[in-house]
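This report is meant for someone meeting the structure for the first time. Please look over the sequence and the model before reading on.

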Amino acid sequence: MAKQLLARPPWRWLGAAGCVLVLQGMRLSGTRAGLAVLYHRIRDTPGDPDRELVPALGAALFRRQLRLMRLCFRTVPASALHEAVHRRRRGGRFPLAVTFDDDLTSHAAEALPILRGADTLA
């Protein structure tokens with residue numbers, strides 16, 4: 001059992017609550033850092049990892065991920081990420097930008113309404 005536990009990435013055995021606690025502790029540092037989260041494609045239903053090289057992320061999971069990001073990070077537009085990193089102070093949330101890697105029509109049709117609904121766009 002311990003061997004299986006150690007073979008998993010840390011965030012898998014910590015769970016969401018554990019990751020939130022770790023991030024809260026990290027906020028106490030004066031580290032100036034930020035994150036850019038890259039998505040490929042969002043669809044109502046998730047893609048099939050057995051048939052697709054980069055399967056689409058399901059809309060429900062995308063919404064849950066955005067809620068967690070808003071809880072733990074300060075979301076900013078990608079164009080403002082660099083400046084937000086330099087303005088971050090001890091105790092402040094780390095800035096995070098949500099980005100997409102291709103120019104797919106699904107970004108506007110599927111992802112944009114979810115981003116607006118999650119109040120992720122600044």
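What follows describes the nonpolar cores, the salt bridges and one loop proline.

## Basis of the report

The model is predicted, so that local features need pLDDT of at least 70 and side-chain atom pairs count only at pLDDT 80 or more, while totals for chains, interfaces and linings use all residues. Residues are numbered from 1 along each chain as its sequence is written, and side-chain values use heavy atoms, with hydrogens and water left out.

## Nonpolar cores

A nonpolar core is here a set of buried Ala, Val, Leu, Ile, Met, Phe, Trp, Tyr and Cys residues joined through side-chain atoms within 4.5 Å; buried stands for under 20% relative accessible area, exposed for over 50%, and partly exposed for the range in between, with a 1.4 Å probe and protein chains only. The largest such core has 17 residues, of which Tyr39, Ile42, Phe62, Leu66 and Val98 touch the most other members. At least two residues of this core come from each of helix H2 (10-27), helix H3 (59-72), strand S5 (95-100) and helix H5 (105-117), where helices (H or I, at least four residues) and strands (E, at least two) are DSSP runs numbered from the N terminus. H3 gives the largest share of this core, five residues.

Apart from this core lies another, of five residues, among them Val76, Ala84, Val85 and Ala97. In soluble globular proteins, nonpolar side chains tend to be buried together.

## Salt bridges

With a salt bridge taken as a side-chain nitrogen of Lys or Arg within 4 Å of a carboxyl oxygen of Asp or Glu, the count comes to two. One joins the side chains of Arg41 and Glu52, at 3.1 Å from N to O. This pair links distant parts of the chain, 11 residues apart, with Arg41 in the loop between strand S1 (35-39) and strand S2 (42-43) and Glu52 in the loop between S2 and strand S3 (57-58). Arg41 is partly exposed at 23% relative accessibility, and Glu52 is partly exposed at 22%.

Arg87 forms a salt bridge with Glu83, their closest N and O atoms being 3.9 Å apart. Because they are four residues apart in helix H4 (residues 81-87), Arg87 and Glu83 are separated by about one helical turn. Arg87 is partly exposed, at 47% relative accessible area, as is Glu83, at 42%.

## A loop proline

Pro46 lies in the loop between S2 and S3 and is exposed, with a relative accessible area of 55%. Leaving aside residues up to four places away in sequence, Pro46 touches Ala56, Leu57 and Gly58, contact meaning heavy atoms within 4.5 Å. Pro46 and Ala60 are 14 residues apart in sequence, and their C-alpha atoms are 8.9 Å apart in space.
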